Amino acid sequence: MTGTEIATTATTSNVTFDFTGQTVIVTGAARGIGLEIGRFFHTAGAHVYLVDYDADALDAASADIGCHSAVADVSDTPSVQAVVDKVIAETGRVDVLVNNAGILRDRVLWKLTDEDYEQVMAVHAGGTFRFTRACAPHFRAQHHGRVVNVTSYTGLHDNVGQSNYAMAKAGIIGFTKTAAKELAGFGVTVNAISPNAETRMIASIPDDKRAELTAQIPLGRFADPREMATTVAFLASAEAGYITGVVVPVDGGISI
């Protein structure tokens with residue numbers, strides 16, 4: 001059985017986590033990692049709300065999974081608040097927030113525009129901040145909550161042409177640790193993952209460059225996005241209730 005086949009089995013027929021009755025918000029969920037995280041939580045019994053800016057892709061994703069959806073711009077405070085208000089009005093609670101939304105505006109530093117910088121920061125760091133802030137009062141009132149943020153290898157190390165992205169992802173790490181301390185007294189954990197999975201970005205890499213990147217991964221492959229979902233679910237579970245403020249590399253060993 002291949003790694004991908006193992007991942008497929010682990011995230012469908014053999015789900016071991018039970019999120020029945022819990023409400024989960026996943027941003028950047030119209031495709032890729034976010035979509036598979038939403039699918040996993042839905043399979044595990046949660047009320048799942050997929051959030052994305054791309055309305056058409058989001059409609060297709062929610063129909064595919066059979067869960068709720070909400071179109072939103074994560075860089076806009078009223079848009080974010082409207083999603084959280086909708087979730088609370090419909091389910092009465094929010095238990096898990098997965099901040100996954102992101103964009104790329106890649107250029108070497110001297111070619112980056114203010115817009116390139118500001119858009120990437122607003123979506124990655126700003127979206128993570130805004131959604132966590134909007135959910136915090138409900139987490140505090142419940143004395144329970146799980147936040148899982150998606151950072152990056154680039155935020156921990158580097159990647160040429162991505163100084164704006166690296167800055168945003170590094171900021172998410174600092175935010176994760178600080179929010180973990182501030183919310184710990186309310187029974188809320190805040191953690192992050194650093195993924196390395198097949199996404200549209202990876203698919204767009206030329207074959208020769210992709211082969212070079214794959215050779216740097218000790219496990220010899222990029223992960224299926226579904227393999228990210230299992231780690232996110234663990235961090236959101238009751239079993240991980242004593243883990244907070246950490247960044248878990250789910251990257252096949254590339255960060256070793």
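**Helix packing and a pocket in a predicted model**

Helices α2 and α3 are roughly parallel to each other, a label given to angles under 35 degrees, whereas angles over 145 count as roughly antiparallel, 65 to 115 as roughly perpendicular and the rest as oblique. The model is predicted: local features need pLDDT of at least 70, side-chain atom pairs count only at pLDDT 80 or more, and totals for chains, interfaces and linings use all residues. Residues are numbered from 1 along each chain as its sequence is written, and side-chain values use heavy atoms, with hydrogens and water left out.

Helix α2 spans residues 32-43 and helix α3 spans residues 55-65. Helices are DSSP runs (H or I, at least four residues), numbered from the N terminus. The α2 and α3 axes lie 10 Å apart, at an angle of about 30°. Axes are lines fitted to C-alpha atoms over the stretch in contact, and angles run from 0 to 180 degrees between N-to-C directions. The crossing of α2 past α3 is right-handed, meaning that the near helix is turned clockwise from the far one by less than a right angle. On the α2 side, L35, G38, R39 and H42 meet A61, D64 and I65 of α3; contact means heavy atoms within 4.5 Å. Three of these residues are nonpolar, two polar and two charged. Here Ala, Val, Leu, Ile, Met, Phe, Trp, Tyr, Cys and Pro count as nonpolar, Asp, Glu, Lys and Arg as charged, and the others, Gly among them, as polar.

Helix α2 also packs against helix α10 (residues 226-236), at about 55° and with axes 8 Å apart. The two helices are therefore oblique. Their crossing is right-handed. From α2, the contact uses I33, E36, I37, F40 and F41; from α10, it uses R226, M228, A229, T230, V232, A233 and A236. Nine of the residues are nonpolar, one is polar and two are charged.

Helix α4 (residues 77-91) crosses α5 at roughly 35°, and the axes come within 9 Å. This crossing is right-handed. T77, V80, Q81, V83, V84 and I88 of α4 meet R130, F131, R133, A134, C135 and H138 of α5. Seven nonpolar, three polar and two charged residues make up the contact.

A pocket is an open set of points on a 1 Å grid where a 1.4 Å probe fits, with protein on both sides within 12 Å along at least five of seven lines; lining residues have an atom within 4 Å of a point. The lining consists of F129, T132, R133, A136, F175, T178, A179, E182 and L183. Helix α7 gives the largest share, five residues. By class, five lining residues are nonpolar, two polar and two charged.
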